[in-house]
Amino acid sequence: MPAGVSAWTALANTTLASAANTVTFSGISGAYRDLRIVYSGGIGSANPTFIINSDTSSTYLWTTLESDSTANSSVYNGNTYGSFANNYILGYNSTGILVTIDILDYATTDKHKTILSRANNTARTVNAVVNRWPSTAAITSFQFSGGAANFTIGSTFALYGLSA
Amino acid sequence: MQLISSVSVGVGGAATIDFTSIPGTYTDLMLVLSARATSTTATITVALNGSSTSFTSIYLNGAAGFAPTSATGTTLVGYASTSSHTASTFGNLSIFIPNYAGSANKTFSVDSVQENNGAASVNTTIFTNLWSNTAAITQVTLSLPNFAQYSSASLYGILKGSGGATVS
């Protein structure tokens, strides 16, 4: 196998038995180099966001390159843009969402954390997003938040640790 | 993540790279491809379980020297380096298919890069794809008019973790 690819360790996985507003991976071990998080499913009429280490006060600055196919690509950046929230990852849709998130050096205490997302939904958009969490703390919890909406039944959430 | 199967194209090339009898024992699939075409046609397409119907996609493409473009598509998943490109350069793509053995329609993502030693007009593309079919995926087929020798692909299975999450 290619270097690094074989080093995925499956840490946690949840399939929603009923609609839920938040899904939280907590107590994340610092034993890995990077994290990968996968969300597949749907959400009601609100863009999902994320919260790290229960930090709702920081600004998660972001930039996204995305397209809904009706126009050429758009680039947004800042911490808010229209309906896009502080910690934006993608637009909502009731089905067919796939989000993969990579967090590099998540356990280090000497740098702010970069969160790289690829979000997919053929009913809405394709995008690539980068967020920065302005904290040097090790990441020990990651929460998906539905905000004003709920994640749909059957949505799956998975957490992996990647070794160096 | 476990290697399920890998393929390396031999002398004479191949029109397809085909992974068959994929076991349903994993949670997700990841396929990585290194591809060069023997002709000037670069487009790589996918079929699942032998089907090329019921596919939809949105893709966003950046080509050096051109404004970015986006469009809807069907089975297109990327661009190989071609016979007109620098020798020994290969394009690459990765396909991620979550819950491939489940009973929902299959959403998957693709990241693709075409390589020509830094020259203009090669493509870097991100795709979101949907196969509107509830069948478990047991076969993935990639097609190009002809994959050149040394093109290669590997299919990996990803197992889910035993831990859970807090849901509220």
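Helices (H or I, at least four residues) and strands (E, at least two) are DSSP runs, numbered here from the N terminus. The structure is a predicted model, in which local features need pLDDT of at least 70 and side-chain atom pairs count only at pLDDT 80 or more, while totals for chains, interfaces and linings use all residues. Residues are numbered from 1 along each chain as its sequence is written, and chains are lettered from A and ligands numbered from 1 in the order in which they are written.

Chain B contains 0 helices and 13 strands. From the N terminus on, its elements run β-β-β-β-β-β-β-β-β-β-β-β-β. The radius of gyration of chain B, taken over C-alpha atoms, is 16 Å. Of the 168 residues, 45% count as buried. Burial requires 20 or more other C-beta atoms within 10 Å of a residue's own; exposed residues have 12 or fewer, partly exposed ones lie in between, and C-beta atoms are placed from the backbone. Two residues are in contact if their C-beta atoms, placed in that way, lie within 7 Å. Among contacts in chain B between residues at least 6 apart in sequence, 78% join residues at least 24 apart.

One open sheet of chain B has 4 strands in the order S2-S11-S4-S7, with antiparallel pairing. Two strands pair if DSSP finds at least two bridges between them. Strands S2 (14–19) and S7 (76–79) of chain B stand at the edges, each with a single partner strand, so one side of each lacks a neighbour in the sheet. The twist averages 25 degrees from one strand to the next. Axes for such angles are lines fitted to C-alpha atoms, for helices over the stretch in contact, and angles run from 0 to 180 degrees between N-to-C directions. Within the sheet, strands S4 (residues 43–48) and S11 (residues 140–147) of chain B pair in the antiparallel sense over 4 bridges. Ala47(B) has Thr141(B) in S11(B) as its bridge partner.

Strand S2 (residues 22–25) of chain A is joined to S13(B) by 2 bridges. Val23(A) stands opposite Val167(B), and Thr24(A) stands opposite Thr166(B).

The contact between the chains takes 39 residues from chain B and 41 residues from chain A. Strands S5 (55–63), S6 (69–73), S8 (91–98), S9 (106–113), S10 (123–131), S12 (152–158) and S13 of chain B each supply at least two residues of the chain B side. That side divides into 20 nonpolar, 17 polar and 2 charged residues. Here Ala, Val, Leu, Ile, Met, Phe, Trp, Tyr, Cys and Pro count as nonpolar, Asp, Glu, Lys and Arg as charged, and the others, Gly among them, as polar.

Methods. Rg over C-alpha atoms; globule rule 2.2 N^0.38 Å.
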